[in-house]
Amino acid sequence: MSRASAPGSYGDTAAILDVSRGRNAAAGITGLLLYDGERFLQAIEGPEEATAACYGRIHNDPRHYALRLLSQEEISDREFGIWSMAYRVPRMDDTGAFLDQVRGDVRGVSDDYLRMLFTGFTVRR
Ligand SMILES: Cc1cc2nc3c(=O)[nH]c(=O)nc-3n(C[C@H](O)[C@H](O)[C@H](O)COP(=O)(O)O)c2cc1C
């Protein structure tokens, strides 16, 4: 989880995503990224070395700050295996749709904590 350096810039995030998907596919990394205009929540998974390198690059990216690692686990099966990096943002006219979308995305995720993190993220204070 992190905070965007330039809140609201969905265009920047599209660029981030373009690069991410290419690199992740090449490195065998899969995951899910949520952005609500202010905050990011992301899961990355894959071979240990590749995910560590990816996390290192993300960590040093000035387009966000206050990065917190919420969970790090060794897993035997991927939770987000079909996506090189799925990306979800809220619809401004219907914030409930964000929750519905993400709830669907994480339906197959076996880790309760991950499911809770992703669905909880969609609910604004
Ligand atoms: C919120 C956020 C999520 C990102 N996710 C990924 C990702 O999943 N994979 C990736 O390769 N880069 C990701 N990046 C981009 C990296 O920080 C970095 O810009 C990119 O990997 C290119 O690295 P390089 O300039 O060292 O080649 C993300 C950046 C941000 C701000």
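What we have here is a predicted model, where local features need pLDDT of at least 70 and side-chain atom pairs count only at pLDDT 80 or more, while totals for chains, interfaces and linings use all residues. Residues are numbered from 1 along each chain as its sequence is written.

Gln-72 sits in the loop between strand 4 and strand 5. Helices (H or I, at least four residues) and strands (E, at least two) are DSSP runs, numbered from the N terminus. From Gln-72 to Asp-111 is 39 residues in sequence and 12 Å in space, C-alpha to C-alpha. Ala-66 lies in that loop between strand 4 and strand 5 too. Ala-66 is not a glycine, yet has a positive phi of about 55 degrees. Ala-66 is exposed, since it has 10 C-beta neighbours inside 10 Å.

Now to the sheet. In what order do the five strands of the open sheet run? The order is 4-1-3-2-5, and the pairing is mixed. Strands pair here if DSSP finds at least two bridges between them. At the edges are strand 4 (64–65) and strand 5 (86–88), each pairing on one side only.

Let's walk through the pairs. Strand 1 and strand 3 run antiparallel, joined by two bridges, and Ser-2 stands opposite Phe-40 in strand 3. Strand 2 and strand 3 are also antiparallel, over six bridges. Within that pair, Leu-32 faces Ala-43 of strand 3, and Leu-34 faces Leu-41 of strand 3. These two strands form a hairpin with three residues between them, and Gly-37 in the turn has a positive phi of about 95 degrees. On to strand 5: strand 2 pairs with it in the parallel sense over three bridges. There, Leu-33 is opposite Tyr-87 and Leu-34 is opposite Arg-88.

So is strand 2 enclosed or open? Six of its six residues are buried, so strand 2 is largely enclosed by the rest of the structure. In a regular strand the side chains alternate between the two faces of the sheet. Both faces of strand 2 are covered, with Thr-30, Leu-32 and Leu-34 buried on one side and Gly-31, Leu-33 and Tyr-35 buried on the other.

Of its 13 residues, Leu-32, Leu-33, Leu-34, Ala-43, Val-102 and Phe-118 touch the most other members. Strand 2 (30–35), strand 3 (39–45) and helix 3 (95–105) each give this core at least two residues, and the largest share, four residues, comes from strand 2. Leaving out residues up to four places away in sequence, Leu-33 touches Phe-40, Gln-42, Met-85, Ala-86 and Tyr-87. Contact here means C-beta atoms, placed from the backbone, within 7 Å.

Next, the ligand. Which residues come nearest to the ligand? Of the 18 around it, they are Ser-20, Arg-23, Phe-40, Arg-57 and Asp-61. A residue is near a molecule or strand if its C-beta atom, placed from the backbone, lies within 6 Å of it. Helix 1 (10–27), strand 2, strand 3 and helix 2 (48–59) each supply at least two residues of this shell, with the largest share, five residues, coming from helix 1. By type, the shell divides into eight nonpolar, six polar and four charged. In that count Ala, Val, Leu, Ile, Met, Phe, Trp, Tyr, Cys and Pro are nonpolar, Asp, Glu, Lys and Arg are charged, and the others, Gly among them, are polar.

A word on helix 2 itself. Of its 12 residues, the number buried is zero, so helix 2 lies largely in the open.

Last stop, Pro-7, in the loop between strand 1 (2–4) and helix 1. Pro-7 is exposed, because 11 other C-beta atoms lie within 10 Å. Setting aside neighbours within four places in sequence, Pro-7 is in contact with Gly-37 and Glu-38. Thanks, everyone!

Technical notes: A nonpolar core is a set of buried Ala, Val, Leu, Ile, Met, Phe, Trp, Tyr and Cys residues joined through C-beta atoms within 7 Å. A residue is buried if 20 or more other C-beta atoms lie within 10 Å of its own, exposed if 12 or fewer, and partly exposed in between; C-beta atoms are placed from the backbone. Two residues are in contact if their C-beta atoms, placed from the backbone, lie within 7 Å.
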